[in-house]
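Visitor: I've got a model open and a few quick questions. Can you walk me through it?

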Amino acid sequence: MRSNMLVSLADFKRPRVIITSANAGEGKTVTCANLAVSFARAGQRVVLVDLDLRHPDAHRLVGAHNRYGVCDLLSGRRSLEDCLQYLQLPDHDAQSAQGVYFIGTGPPVRNPTELLGTSRTAMMLDELGKQADLILIDAPPVLPVADMLVIGRMVTGVILVVEARRTTVTDISKTKDLLIRNQTRVLGVVLNKMRQRDGNYGDAYGYGTPYPAREASLQSARPVSKNGKAANGAGRRSAKTEALEQ
Ligand SMILES: Nc1ncnc2c1ncn2[C@@H]1O[C@H](COP(=O)(O)OP(=O)(O)OP(=O)(O)O)[C@@H](O)[C@H]1O
Ligand SMILES: [Mg+2]
């Protein structure tokens with residue numbers, strides 16, 4: 001998947017990529033976190049941003065805190081420096097300082113669409129782009145709310161997660177049409193939660209790893225501040241983290 005993305009993104013400098021899907025629960029956050037780890041392991045400076053203000057979840061998966069984040073930043077209560085957490089990868093090579101930068105959503109707000117639609121969101125992404133090779137954004141689904149379309153215009157493109165046996169062709173088609181009308185580029189599609197017996201997709205190409213690859217596991221990632229100390233409230237593991245281990 002990383003290789004395919006590198007091809008799609010070859011023409012873009014410091015790309016910003018949203019991971020989204022048609023509906024809730026199709027695997028956006030898991031895919032986004034896995035991709036972040038995979039790119040970090042390949043030596044890229046990656047920032048993972050949780051812009052799913054209605055269902056913030058990425059922090060649990062990566063073992064970071066969500067006491068403050070994007071909402072505080074966009075409303076001017078905190079600086080970018082305050083909100084950025086550095087998560088060192090498990091088994092990292094001490095020389096290579098492999099890790100992922102992360103910004104959670106922070107506390108809930110009443111008006112997520114309006115907040116995301118302000119020029120401050122674009123400014124935040126511009127600022128992050130100065131320090132990162134790649135920005136990966138965990139976003140809300142496209143069909144239920146307008147949030148994704150609002151931020152869709154601020155990024156290089158989106159990767160659409162489709163859940164095997166669940167996401168309908170109609171919903172995929174509606175989602176694609178909405179994105180095209182919104183002038184949001186679809187960089188690729190991920191078929192998630194495939195089982196071995198779903199067969200033909202992967203097998204036809206001779207691959208067929210059905211579930212997240214080992215390299216993507218964040219199972220023992222521990223957030224550290226930039227001076228190397230463990231960040232407060234960090235390191236909790238969730239059911240989703242456990243799912244990655246299976
Ligand atoms: N490839 C996978 N293999 C096994 N379980 C998975 C996989 N991808 C996601 N899951 C599980 O599916 C559930 C939904 O995943 P996730 O939270 O990533 O979806 P989401 O699209 O981000 O959901 P939401 O729209 O609520 O934010 C979680 O329980 C997660 O552990
Ligand atoms: Mg999610």
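Guide: Start with contacts: two residues are in contact if their C-beta atoms, placed from the backbone, lie within 7 Å. Take contacts in the chain between residues at least 6 apart in sequence: 77% of them join residues at least 24 apart. Keep in mind that this is a predicted model.

Visitor: What is the mean pLDDT of the chain?

Guide: The mean is 83. Residues at 70 or more make up 77% of the chain. Over residues 202–246 the pLDDT is below 50. That stretch still has 79 contacts in the model, beyond near neighbours in sequence. Where pLDDT is low, the predicted coordinates should not be read in detail.

Visitor: Okay. How many helices and strands does the chain have?

Guide: There are 11 helices and eight strands. The chain has 246 residues, and 40% of them count as buried.

Visitor: Which residues in the largest nonpolar core touch the most other members?

Guide: Ala36, Val46, Leu48, Leu136 and Ile137 do, in a core of 56 residues. Helix H2, residues 28–41, gives the largest share of this core, with eight residues.

Visitor: What does leucine 48 contact, leaving aside neighbours within four places in sequence?

Guide: Its partners include Cys32, Ala33 and Ala36. Ala58, Val62, Val100 and Phe102 are also among them. Leu136 and Asp138 are on the list too.

Visitor: Back to H2. Is H2 mostly covered or uncovered?

Guide: Mostly covered, with 12 of its 14 residues buried. The buried ones include Lys28, Thr29 and Asn34, along with Leu35 and Phe39.

Visitor: And what should the 14 residues of H2 span?

Guide: They should span 20 Å, at 1.5 Å a residue. The end C-alpha atoms are 20 Å apart, so the two agree. After H2 comes glycine 43, with a positive phi near 90 degrees.

Visitor: Which residues other than glycine have a positive phi?

Guide: Arginine 165 is one of them, with phi near 70 degrees. Lysine 193 is another, with phi near 60 degrees. Most residues other than glycine have a negative phi.

Visitor: Where do arginine 165 and lysine 193 lie?

Guide: Both are in loops. Arginine 165 is between strand E6 (157–163) and helix H9 (169–181). Lysine 193 is between strand E7 (186–192) and helix H10 (200–205).

Visitor: Is arginine 165 buried or exposed?

Guide: Arginine 165 counts as exposed, because it has 8 C-beta neighbours inside 10 Å. Lysine 193 has 18 other C-beta atoms within 10 Å, so it is partly exposed.

Visitor: New topic: methionine 124. Which helix is it found in?

Guide: Methionine 124 is in H7, residues 119–129.

Visitor: Why does methionine 124 count as buried?

Guide: Because it has 21 C-beta neighbours inside 10 Å. The cut-off for buried is 20 or more.

Visitor: What does methionine 124 touch, beyond residues up to four places away in sequence?

Guide: Leu73, Leu74 and Leu80. Leucine 73 is 51 residues from methionine 124 in sequence, yet their C-alpha atoms are 8.1 Å apart.

Visitor: Last one, strand E3. Which residues are on its covered face?

Guide: In E3, residues 85–88, the covered face has Gln85 and Leu87. Tyr86 and Gln88 are on the uncovered face. In a regular strand the side chains alternate between the two faces of the sheet.

Visitor: How many bridges join E3 to strand E4?

Guide: Four, and the two strands run antiparallel. E4 covers residues 99–103. Tyrosine 86 stands opposite tyrosine 101 in E4.

Methods: Residues numbered from 1 in each chain as written. Chains lettered and ligands numbered in written order. Predicted model: local features only at pLDDT ≥ 70, side-chain atom pairs only at ≥ 80, totals over all residues. pLDDT = per-residue confidence, 0-100. Core = buried A, V, L, I, M, F, W, Y, C linked by C-beta atoms within 7 Å. Pairing = 2+ DSSP bridges. Expected span 1.5 Å × (residues − 1).
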